[in-house]
Amino acid sequence: MAESHFKKKLIPTMASTTAFIFLSFALVSVFTWFYAAPTQWLTRIEALRTLLTNRGGEALAPAPGLAGLVVYVSGITAAAQPLSDGETGVVIPNALTAQRLSERFRIGRNASWNLQGIAYFTAPGAQLGGWTLTEPLLATTTPVLTPTRPGQDHPTPPGASLSKDDPFSFYIVQGGQTVADASAKPFATGDLRFGYRALPHGALSVIAQADKSGIGLTPLRLDDGEASALVRLGTVDAATMLNDAAAVANGKRLQALGLALASGWLVFAIPGLWAPFPRWKALLAAPLAGTLVTLAVAMAAVPAGGVGGGFFAGQFAAFAYAALMFMATRGGKHPSL
């Protein structure tokens, strides 16, 4: 009787199990991807906190004795020469480093701007309070770059046009001819759009490693090979920089966990549709327990194994949950209401 009942439910049980495995694969993949990045960044923040030489908060001046140490530096930036982009002719006089985004317009089934390339530029002789800001360090400042306004923050290059609808870009349109307003007529295939994001001169606070000379600032590289440094606009003490960065990382982790719990509950309820438990257990208690265990296993594996380790550990827990529910279905009775 029990065997006959199991055979009757075999097809829907297998279908629900297959759907669960597919959806759990997607759930664990997305969760570990968004959870691992801030977790690894938090590890690097704590490494900077542990290795920081001047924990008291006083900004240090460059010195040979600081070579290889992690230091906190704060002051006013300067550069020997203005930042320039030799390809477009743009000169940004008040910037330490800049990112250029170039796009090309294409008319097809859907007319749109298509990314052509991203390039980075640094001002020669960039300094902060006597320290040399190296190119590797300036490459870590992307999060604090701000959009520039052509015609205000830097001159518009020859042959370029501005748009009333887009104050942060300039355009090369109509075969390089300048027009009064680039947005006044439809764009054509081959038109170009350029936008810059820059780090302006002014007060800057940095936590980074002193290079071998004790004069340059460079990112700290840990065993994972990732560059680690903190940069903030303005005068910000070291403790605040570290605490704020850790709070942002933890906020992203909590957001990923909250979304995974909400969607995981729905995914893990799928095997419970045919489980031999009361409905409140099959669709409430069991899915919640399965989701918590799976995410906890994935989270525990992320610090050492990264995205891959977290995924395989979490997916193993999800498979175990599916196997337990399937075996319970085989030997149980029809779920009661």
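Student: How much space lies in the second largest pocket?

Tutor: Please keep in mind throughout that this is a predicted model. Residues from α1 and α3 line the second largest pocket, each of these helices supplying at least two. The space that lies in the second largest pocket is about 190 Å³.

Student: Which element gives the largest share of the lining of the second largest pocket?

Tutor: The lining is made up of Leu27, Val30, Phe31, Phe34, Lys252, Gln255, Ala256, Leu259, Ala260 and Ser263. By class, seven of these lining residues are nonpolar, two are polar and one is charged. The largest share, six residues, comes from α3.

Student: Which residues lie closest to the centre of the largest pocket?

Tutor: The largest pocket holds about 610 Å³ of space. A total of 23 residues line this pocket, and the ones closest to its centre are Trp41, Pro143, Ala229, Leu230 and Ala245.

Student: How many charged residues are in the lining of the largest pocket?

Tutor: At least two lining residues come from each of α1 (2–51), β15 (227–228), β16 and α3, and α3 provides the largest share with six residues. Sorted by class, the lining has 14 nonpolar residues and four polar ones, while the number of charged residues is five.

Student: How many salt bridges does a search of the whole structure find?

Tutor: One of them joins the side chains of Arg100 and Asp85, with N and O 2.7 Å apart. Because Arg100 lies in strand β4 (residues 95–106) and Asp85 in strand β2 (residues 83–85), this pair ties together parts that are 15 residues apart in sequence. For the whole structure, the number of salt bridges found is five.

Student: What is the distance between the closest N and O atoms in the salt bridge of Arg100 with Glu87?

Tutor: Asp85, Glu87 and Arg100 are linked in a network of salt bridges. In the link between Arg100 and Glu87, the closest N and O atoms are separated by 3.3 Å. Since Arg100 is in strand β4 and Glu87 is in the loop between β2 and β3 (90–92), the pair ties together parts that are 13 residues apart in sequence. To return to the value you asked for, the closest N and O atoms are apart by 3.3 Å.

Student: Is Glu87 buried or exposed?

Tutor: The class called exposed begins over 50% relative accessible area. Glu87 has a relative accessibility of 61%, so Glu87 counts as exposed.

Student: How many residues apart in sequence are the parts that Asp244 and Arg232 tie together?

Tutor: The side chains of Asp244 and Arg232 meet in a salt bridge, with a distance of 3.1 Å from N to O. Because Asp244 lies in helix α3 (residues 238–268) and Arg232 in strand β16 (residues 230–233), the parts tied together are apart in sequence by twelve residues.

Student: With which side chain does the side chain of Ser74 make a polar contact?

Tutor: Ser74 belongs to strand β1 (residues 70–78). Leaving aside neighbours within four places in sequence, Ser74 is in contact with Ala59, Leu128, Leu204, Ser205 and Thr235. The polar contact, at 3.2 Å, is with the side chain of Ser205.

Student: How far apart are the C-alpha atoms of Thr132 and Ile215?

Tutor: Thr132 sits in strand β7 (residues 131–133), and apart from neighbours within four places in sequence, Thr132 is in contact with Ala126, Gln127, Ile215, Gly216 and Leu217. Although Thr132 and Ile215 are 83 residues apart along the chain, their C-alpha atoms are separated by 6.1 Å.

Note on methods
Residues numbered from 1 in each chain as written. Predicted model: local features only at pLDDT ≥ 70, side-chain atom pairs only at ≥ 80, totals over all residues. Heavy atoms only, no water. Helix = DSSP H or I, 4+ residues; strand = E, 2+ residues; numbered from the N terminus. Polar contact = N/O pair within 3.5 Å; in protein donor to acceptor, adjacent residues only side chain to side chain. Contact = heavy atoms within 4.5 Å. Salt bridge = Lys/Arg side-chain N within 4 Å of Asp/Glu carboxyl O. Buried < 20%, exposed > 50% of the residue type's maximum accessible area, 1.4 Å probe, protein only. 1 Å grid on protein atoms, 1.4 Å probe; cavity = no way out; pocket = protein on both sides within 12 Å on 5 of 7 lines; lining within 4 Å. Points joined across faces, edges and corners; volume = space filled by probe spheres on them. Nonpolar A, V, L, I, M, F, W, Y, C, P; charged D, E, K, R; others polar.
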